[in-house]
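Hi,

Here is the structure I promised to pass on.

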Amino acid sequence: QLQLVESGGGLVQPGGSLRLSCAASGFLFSLSDVGWYRQAPGKQRELVAGITRGGSTNYADSVKGRFTISRDNAKNTLYLQMINLKPEDTAVYYCNAYPRPVNWGQGTQVIVSS
């Protein structure tokens with residue numbers, strides 16, 4: 001069964017950086033389109049970035065130029081490099097199928113605060 005385990009979140013100051021990882025198992029990761037989503041307190045979950053099996057990427061306008069999504073098919077791992085973090089990036093971040101997510105994992109908490 002599909003399993004996605006996110007990690008790498010934490011507390012960071014505005015302007016700081018973090019790299020999130022997502023370990024995938026239970027499906028053919030290399031043949032799947034996958035993405036990162038986030039849910040801020042009191043808000044709906046939203047797509048942050050997606051990457052196709054061919055490597056094409058798509059980003060939410062709010063993170064363009066600051067976040068980079070990438071994948072390592074040999075390791076069945078998805079990454080999200082985040083730089084110049086802002087307080088509004090504070091959220092729980094999840095990886096999932098893209099653009100139609102299925103089962104949600106636990107997510108990893110990112111808090112951007114001074």
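**Notes on the model**

Leaving out neighbours within four places in sequence, Met82 has contacts (heavy atoms within 4.5 Å) with Gly16, Ser17, Leu18, Leu20, Arg66, Phe67, Tyr93 and Val110. Before you read on, the ground rules: this is a predicted model, where local features need pLDDT of at least 70 and side-chain atom pairs count only at pLDDT 80 or more, while totals for chains, interfaces and linings use all residues. Residues are numbered from 1 along each chain as its sequence is written, and side-chain values use heavy atoms, with hydrogens and water left out.

**The core**

Met82 also turns up in the largest nonpolar core, which has 27 residues. By nonpolar core I mean a set of buried Ala, Val, Leu, Ile, Met, Phe, Trp, Tyr and Cys residues joined through side-chain atoms within 4.5 Å. Buried is under 20% relative accessible area, exposed is over 50%, and partly exposed is in between (1.4 Å probe, protein chains only). Together with Met82, the members that touch the most others are Trp36, Leu78, Leu80 and Tyr93. Two or more residues each come from strand 3 (18-25), strand 4 (34-39), strand 5 (46-51), strand 7 (67-72), strand 8 (77-82), strand 9 (91-97) and strand 10 (108-112). Strand 3 gives the largest share, 4 residues. As general background, nonpolar side chains in soluble globular proteins tend to be buried together.

You'll find 0 helices and 10 strands here; both are DSSP runs numbered from the N terminus, helices being H or I with at least four residues and strands E with at least two. Two strands count as paired if DSSP finds at least two bridges between them.

Strand 9 and strand 10 run antiparallel, joined by 3 bridges; the core residue Tyr93 has Thr108 in strand 10 as its bridge partner.

**A buried loop residue**

Val63 lies in the loop between strand 6 (57-59) and strand 7. Is Val63 buried or exposed? Val63 is buried, because its relative accessible area is 0%. Beyond neighbours within four places in sequence, Val63 is in contact with Arg38 and Val48. Its C-alpha atom is 8.6 Å from that of Asp89, 26 residues away along the chain.

**Overall numbers**

Of the 114 residues, 42% count as buried. The C-alpha atoms fill a box of roughly 40 × 25 × 25 Å along the principal axes. Among contacts with a separation of 6 or more, 54% involve residues 24 or more positions apart.
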